[in-house]
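Thanks, everyone. Please have the sequence and the model open while I talk, and stop me whenever a definition needs repeating.

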Amino acid sequence: MATLKLIQRPGFYEALTAQTRKLMDGLVEAAKPSGVPFCADAVGGMFGIYFAANVPQTYAQIMAMDKARFNAFFHAMLGRGVYLAPSAFEAGFVSAAHDDAVIAQTVEAARASFAAIAWRHVA
């Protein structure tokens with residue numbers, strides 16, 4: 001019942017969407033200095049991250065993503081205390097518990113993780 005009351009509050013979904021967008025924008029910005037091809041997309045609290053220049057629109061584009069680079073990023077993030085979905089093909093989710101501090105910590109972990117995997121030729 002507590003969850004149902006929480007999600008019925010005015011502005012709940014708008015705030016959730018804004019936090020998800022903040023995370024996605026932060027991740028994209030964090031990737032830029034590394035030169036690692038990366039993009040992200042979100043709907044509401046659900047997001048996808050892609051090791052590609054553009055958000056994939058087709059099955060072929062999904063399959064062409066740099067899955068090895070995703071795996072390297074996943075482990076780099078895990079080593080920094082951030083657990084993402086372990087498959088390049090899974091969606092991630094932001095919750096009401098992901099406040100600005102958590103988003104900022106995640107983006108900083110991503111910045112370090114992108115830097116760590118940038119030098120690798122991941123095949």
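Predicted model: local features only at pLDDT ≥ 70, side-chain atom pairs only at ≥ 80, totals over all residues.

The side chains of Glu108 and Arg111 meet in a salt bridge, at 3.3 Å from N to O, where the term stands for a side-chain nitrogen of Lys or Arg within 4 Å of a carboxyl oxygen of Asp or Glu. Glu108 is partly exposed, with a relative accessible area of 46%, and Arg111 is partly exposed too, at 34%; buried means under 20% relative accessible area, exposed over 50%, and partly exposed in between, with a 1.4 Å probe and protein chains only.

Residues are numbered from 1 along each chain as its sequence is written, and side-chain values use heavy atoms, with hydrogens and water left out.

By the salt-bridge rule the count comes to five, among them the one between Lys32 and Glu29, at 2.7 Å from N to O. Lys32 is exposed, with a relative accessible area of 54%, whereas Glu29 is partly exposed at 43%. Another of them joins Arg69 to Asp66, with the closest N and O atoms 3.7 Å apart; here Arg69 counts as buried at 11% relative accessibility, while Asp66 is partly exposed at 24%.

Now to the sheet, which is open and has three strands in the order E1-E2-E3, with antiparallel pairing; two strands pair if DSSP finds at least two bridges between them. Strand E1 (39-43) and strand E3 (92-93) stand at the edges with a single partner strand each, so one side of each is left without a neighbour in the sheet. E1 and strand E2, residues 46-50, pair in the antiparallel sense over five bridges, and Ala40 has Ile49 of E2 as its bridge partner. Helix H2, residues 12-31, packs on this sheet, touching E1 and E2, and its direction makes about 175° with that of E1; axes are lines fitted to C-alpha atoms, for helices over the stretch in contact, and angles run from 0 to 180 degrees between N-to-C directions.

How many residues does H2 have? H2 has 20 residues and reaches 29 Å from its first C-alpha to its last, close to the 28 Å expected at 1.5 Å a residue, the expected span being 1.5 Å times one less than the number of residues. Its buried residues, including Phe12, Leu16, Leu23 and Leu27, cover an arc of only 160° around the axis, which puts them on the same side of H2; that arc is taken over the directions from the helix axis to the C-beta atoms. The buried residues of H2 pack against helix H1 (2-7), E1, E2 and H5.

Last, Met24, which lies in H2, is buried with a relative accessible area of 0%. Leaving aside its neighbours within four places in sequence, Met24 is in contact with Ala40, Asp41, Ala42, Phe47, Gly48 and Ile49, contact meaning heavy atoms within 4.5 Å.

Key. Helix = DSSP H or I, 4+ residues; strand = E, 2+ residues; numbered from the N terminus.
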